[in-house]
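Look over the structure first, then read the points.

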Amino acid sequence: MVYYAEGKELEVISTVFCGSVNDAYVCRNRTSASGALYTLLVVRDRECAKKMLLLSDADSGSAWLWHFAQNEELIFVFPFREERKFSAFARGQAVSAEVTERICVNLVMECLSAKLPWPLLYLALEQDGVQIAKDNTVYFTMCLDLAALDTERTERNCVSSCARLMMELFAQSPVSGRKKREQVKSFELIAKKSAKNAYDGFPELYRDIKLTAIPEEKTGLLKRAAGLWRRNRDRLFRILLILCAVLVLAALAALATQMIYGEVPWLRVFQNTFDVIGTEDLHTGGHI
C-alpha cells in the first residue's frame with residue numbers, strides 16, 4: 001500500500017494496529033533519499049473522521065504534520081518514533097526516589113508540550129502510547145485505537161490518567177528503607193488529590209511534584225571521581241593509545257637516525273651549546 005500526499009510517496013512497511021474504525025501504519029517516504037519514516041492513522045469510519053477533523057479545527061492541526069484523504073479514507077500523518085514502552089521500561093529505570101520523581105516530572109512536561117488535543121492525549125495515556133527513552137525522557141507514539149475517541153475528554157481527565165501512571169510507577173519502584181518512607185510522603189498529596197479527581201490541570205500536578213520532591217544527596221568525592229572515570233574512560237584510553245603510538249614512532253625514528261648518521265639530531269637540544277663548539281668540548285677541554 002502506498003499513500004500519496006505533499007509530494008511524498010508513503011509506502012507501508014509495518015502494520016502496527018488494525019481496528020474497527022482505523023488502522024495504524026509505519027510508512028517510509030520513497031521520494032526521500034534518507035527514507036524518512038512516518039506514523040499514519042488511517043480512518044475508515046466517517047463519524048470518527050468527523051471527530052478527528054473537529055479536533056483539527058479546534059487545535060489548528062498542531063497535533064499532526066498534515067492530513068489528507070485517499071480512497072474514502074482520512075489519513076493523519078505523525079512523526080515516527082521508536083516504541084520503548086513506559087509500562088515495560090520505566091520500572092527498571094526508576095532506580096532511586098530521585099530518579100522516579102524525575103521520570104514523573106518528564107511525563108508531566110511531555111503532556112504539557114506534546115500539543116495533542118486532550119481527547120488524543122487521553123487515548124495515548126490510556127492505550128500504552130507513552131514511551132520512555134534510556135535517558136528517562138518521555139514521548140508519545142500515536143498508534144491509537146480511535147474507536148474509544150471521546151471529544152468530550154478534557155485536561156482534567158488527562159491529568160487523572162497521568163497521575164495514575166505515576167502512582168503505578170511509584171508502587172513498582174524498588175526503592176526501600178528511609179528513601180521509600182520519604183517517597184511515600186512526597187507522593188501522599190498527589191495520591192489523595194488524584195483519588196478525589198481534584199486536579200484541574202497539569203501545572204498544578206507539576207507544582208505538587210516539585211514542592212514535595214526529595215532533595216538529592218550530595219555525591220562524595222570518590223563517587224564523583226568514579227563517575228568522571230566511567231564517563232571519560234573511552235576518551236582517555238584513546239588519548240593514551242595515541243600517545244603510545246607517537247612514542248613508538250619517535251623511538252623507531254631515533255633508532256633509524258642513530259644507525260644511519262651515528263646520532264639522533266633532535267637530541268642536540270639537550271646539549272649546552274656554550275660547552276660544545278664543533279668538535280671541541282670546552283667543559284672537558286678535549287675533542288668530541
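This is a predicted model: local features need pLDDT of at least 70, side-chain atom pairs count only at pLDDT 80 or more; totals for chains, interfaces and linings use all residues.

Residues are numbered from 1 along each chain as its sequence is written, and side-chain values use heavy atoms, leaving out hydrogens and water.

**Helix pair**
- Helix α4 spans residues 118-126 and helix α5 spans residues 155-172. Helices here are DSSP runs (H or I, at least four residues), numbered from the N terminus.
- Their axes, lines fitted to C-alpha atoms over the stretch in contact, come within 9 Å and cross at roughly 20°.
- α4 and α5 are therefore roughly parallel to each other (angles under 35 degrees count as such).
- In contact (heavy atoms within 4.5 Å), W118, L121, Y122, L125 and E126 of α4 meet E155, N157, C158, S161, C162, R164 and L165 of α5.

**Burial of α4**
- In α4, 7 of 9 residues are buried (under 20% relative accessible area, 1.4 Å probe, protein chains only).
- The buried residues are P119, L120, L121, Y122, L123, A124 and L125.
- D128 follows α4 and has a positive phi, near 60°.

**Cysteines**
- The model has 0 disulfides (pairs of cysteine sulfur atoms within 2.5 Å).
- The sulfur of C111 has its closest cysteine sulfur in C162, 4.2 Å away, too far for a bond.
- C111 is buried, at 3% relative accessible area.
- C48 is buried too, at 4%.

Terms used: Axes are lines fitted to C-alpha atoms, for helices over the stretch in contact, and angles run from 0 to 180 degrees between N-to-C directions. Helices (H or I, at least four residues) and strands (E, at least two) are DSSP runs, numbered from the N terminus. Angles under 35 degrees count as roughly parallel, over 145 as roughly antiparallel, 65 to 115 as roughly perpendicular and the rest as oblique. Buried means under 20% relative accessible area, exposed over 50%, partly exposed in between (1.4 Å probe, protein chains only).
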